[in-house]
Amino acid sequence: MIQILIQGLLLSGLYALIAVGFTLIFSVGRILNLAYGAYLMLGGYMYFWISQSMGMPKLFGVVIAVAFGVALGILKYQLIVKTLRGDHVAVEISTLILAVVLQAGVVLVFGDSSKILLPIIPGVVYIAGVPVTYNILAATLASWVILGGLYLFIKNTHTGRAMQAVSMDTKGAAISGIVPDHINMITWAISGGLGALGGVFFASYTQLAPSMWVAPLIISVAVVIVGGIGSIIGTLIVAHVVGFMEVSVVSLLSPELRGVFTMLLIILVLVMRPQGLFGREEL
Amino acid sequence: MGLRWYHFAAWGAFILGLMALPELVSKGALRTIIFANYLAIFAISWDLLSGRTGYISFGHPFLIGIGAYTSAILTKRFGVDVEMAIPIAVVVTMLGGLVVLLPALRIKGSYFALVTLAFMELMYQLVQVIRPDLTGGTRGMSGIQTLTRGAVNGFYLSSVLMVIVAIAAWLLMRTRLGTALTAVGLNESAVEGSGLSTTKLKMVAFLASAFVAGLGGAFYVHYLGSIAPRALFDINFVFTIIVAVLIGGASTIIGPIIGAFFLTFLLEYLRPWLPGAERYFIYGGIALLLYMYQPKGIYYMLQSGWARLKGSTS
Amino acid sequence: MKLVKGMGVGLLSALMATTALAEIKVGFIGSLSSDTGLSTLRGAEMAIEELNAQGGVMGEKITLVTADTGEDVTEGVKAYEYLAETEEVDFIISGSIDDVSLGWLPRMQEFQIPTLDTWTSYIGIIDMVIEDPDTMAPYFMNIASDEALATLYINFGADVLKAKMGWDSVVVLAEDTAFGGAITGLVTDALAPVAGIEVKDVITYDVNTVDFGPIFSKAQASGADFIYQVSSVNSQVMSSQYVKLQVPMAMTGVNVSALGMEYWEDTGGAGGGISTLSPVPSVGFELDPVSAKFVEDYQAKYTSRPSIPHFNGFNAYHGLKQAMAAAAEAGGFKDVKAWNAAMLKQDLKLEKDGKLWLRYGFWQHGEVEPVTGRTYPQNARFDLSAPYDDAQPSMVVIQWKEDGTVGVVYPFEYANTEFELPSWIKK
């Protein structure tokens, strides 16, 4: 059981890291960024190109990947979200098309074979008899740090509180002097950077492939739906629920049912308590 | 319903044109048209629900897949006659979709989209895990009974199907029911306030959409002769259907047809110029630019262009 | 009279001119962005070039057109229709993967275009050939079917895993797909009686599994001596996590991603110690002079990956030449029955150091294979018993070493290295 605890904790950390960028956009901008998985994909490929193909130091690769994610987020916001101002459906569809285009682009540049990333931190350590790679340990620690930092940022800084305001009531926020446009742009930028970072860790754990943007998207969707919008803590908690559930299903039931239970959980929550476990009342 | 003579004329011309096509175009083009026809059927099905009422479904392949798999399993594994299998498949699609998605209609907006996406993913997993001896598992099945042989016959069957679906949907939307559904899409609370049951309305839209999806899915699988989960329960398929509707023009009947034909021909005709992966990239790029330029679709562009022409001459 | 004669001569020469311009069109169907597809395409291209340099086939030049499938099943159907109806090809060479081939198979049965499949190895298709030889006459599969691959693997279990390593129990880690199920069934049914290895547990996993930690823990808990891996989809995820986690259990089996030379580059080196079965000729396989020359010419001509063609490239190269030879004998591709009969007779034997090394030939209808006791009509010939003097073995087992080199470990007649445990496993 110690094994399930440890493995569950680690997987949940990875999932939390992946989902938090998605939560941000959905909570603040109320938009389903279906190309969110593409941040992960591109972040991962950027890191691969810089650190593995060109042989530069790993940290440098991570920084470039994150910067690229931030740039992509801002670009998306300026080019797509603002152009289609306010039409949520149009933005969601556009992000879906964009994701498909980006996938095709990646196939063009990198080919469609899967690539394995070298671990950010190589090596294995045994915790209570359970083998744990330093890589996933780093991912989990990073996710706690980032989520904690994000929470403090939202609660305590001016920009963070502005983001909360926009998330609750855009018009009201505008009246009180906040420029929603700037806030949204910052949110998209942060979301992009977080996505890219998540992608680097996700890819270093599994693999890099042009179709890899779908699975993390589904995970993020699961976490957001079950956790509810507008809650960073909710994201963290639910990521653990999903992570532990997966590990338990795999270890105790049957590994082939892994995906089925996650989907059922989403559906159950959506039907019984649509605002999520920790979300606010309104949708 | 307010049918005018020019409605009959327009549909008549359209049908005549379609029937004459095999004389005018190559076999290769006919094959592309067949795929376009089926995509048009799926697009109309999606539009009936999501285009009208505004409940965007990201898991439409879920319904199409139920229809396709039911008919395939019945004919291949149980030797059921295809004339029986297809109607059964349609009924199963409607039932399955109802049981599973109806509770979801209580939810609005983006959450509904996510549930439907989750259901599609669930089907993808289930089909591989539950009774792979029946469903063919991950690899799928081949050697499923085909209803027609050759490009021309396939063309006629798919075209007739598409025209019937299109006309039926068009007539449905011209009834008071159709108007009510469009109203739901515009302002659901107002419709509630006027005393109509939006739940009943949504259910009708949903059943109609499921009916067409199941019908289309069953005929589709009997055209292809094969079925694979990767081909059906795929986010790319969702993408193709939705983009076809939106580029063509949502909330109309002719819009999804235009969009389906445009997308299918675009992808296929890029083939000689861009043989490999570039094709999908350019195709996606064109779709994105077109959609962003005019989210209302080609049909709207044509309508406003026509209106401007009429206006400028008066 | 003179006018009529003149017109007659004019007509005749016009006719002859058009037949001189007639050509044989070959269509390639497969993914243009994958190593697999490119291997087949390039093998075919090289064969066509050589044949054209020698004057073509039946006095006609051969041209090649491509139809990309993007490894998508629906696109595969469209691609086949494109080749058949728009390009009107005479012959199709396929580098498609299993489910894509299954997708366009009904079209092949309809159009009756001679088709050679170089990668797909699904035994179900050969069953279709047995059941319905008339509509399946145009279809040839020149890679040993997956069931033959798995059968010889049992011998590897007996000769190396049991006899040399002393293991007598195994836990199977199989992906949850039709491929996984089929191979697992074969392994569990045959491993115990033939190799004397007990199957302690069969763990099936979802192909989208992110974290194999719990699964490896389960495997260790079974108490077996080694892990048998069965994965074709995302196989690198499992094997790389195996290496990164340094799982203290030996692992071997089927790992489709390890079949090409780019495996080392793609895994960033996290691929050492992995062994898998591979169709022939595999990476690390010693080549006979003819095949070696093929690789030499290939590397002179192509500078992008794959650096060495995968086994299906060799299949395409030899197979296309055989298909053309069969056409010459049958007077073309139009008479499918005649072409089928001529193709069945095609037999290319390649020798190395005076011994039969590779054989590109096909099983005949009704010809029973002694070990499995079944027929494999229109499937590539293989030999399942030492000393493999009838044909090459259906597969070899290769192992990647931790320094990036790769070699064949089984059968012993083809081996050039020893099977070893990864360095982190203390035995």
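Biologist: Which backbone oxygen does the side chain of Thr240(B) reach?

Modeller: This is a predicted model, in which local features need pLDDT of at least 70, side-chain atom pairs count only at pLDDT 80 or more, and totals for chains, interfaces and linings use all residues. Residues are numbered from 1 along each chain as its sequence is written, chains are lettered from A and ligands numbered from 1 in the order in which they are written, and side-chain values use heavy atoms, with hydrogens and water left out. Thr240(B) is found in helix H12 (residues 235-248) of chain B, a helix being a DSSP run (H or I) of at least four residues, numbered from the N terminus. At 2.7 Å, the side chain of Thr240(B) reaches the backbone oxygen of Asn236(B).

Biologist: Is Thr240(B) buried or exposed?

Modeller: Buried means under 20% relative accessible area, exposed over 50%, and partly exposed in between (1.4 Å probe, protein chains only). Thr240(B) has a relative accessible area of 18%, so this residue is buried.

Biologist: Which residues does Thr240(B) touch, not counting residues up to four places away in sequence?

Modeller: A contact means heavy atoms within 4.5 Å. With those sequence neighbours set aside, Thr240(B) touches Leu39(B), Leu263(B) and Tyr283(B).

Biologist: In chain A, what percentage of the 283 residues is buried?

Modeller: The secondary structure of chain A comes to 11 helices and two strands, a strand being a DSSP run (E) of at least two residues. Along its principal axes, the C-alpha trace of chain A spans about 55 × 45 × 35 Å. Of the 283 residues in chain A, the buried share is 64%.

Definitions and conventions
A polar contact is a pair of N or O atoms within 3.5 Å; within protein, one must be able to donate a hydrogen and the other to accept it, and residues adjacent in sequence count only if both atoms are side-chain atoms.
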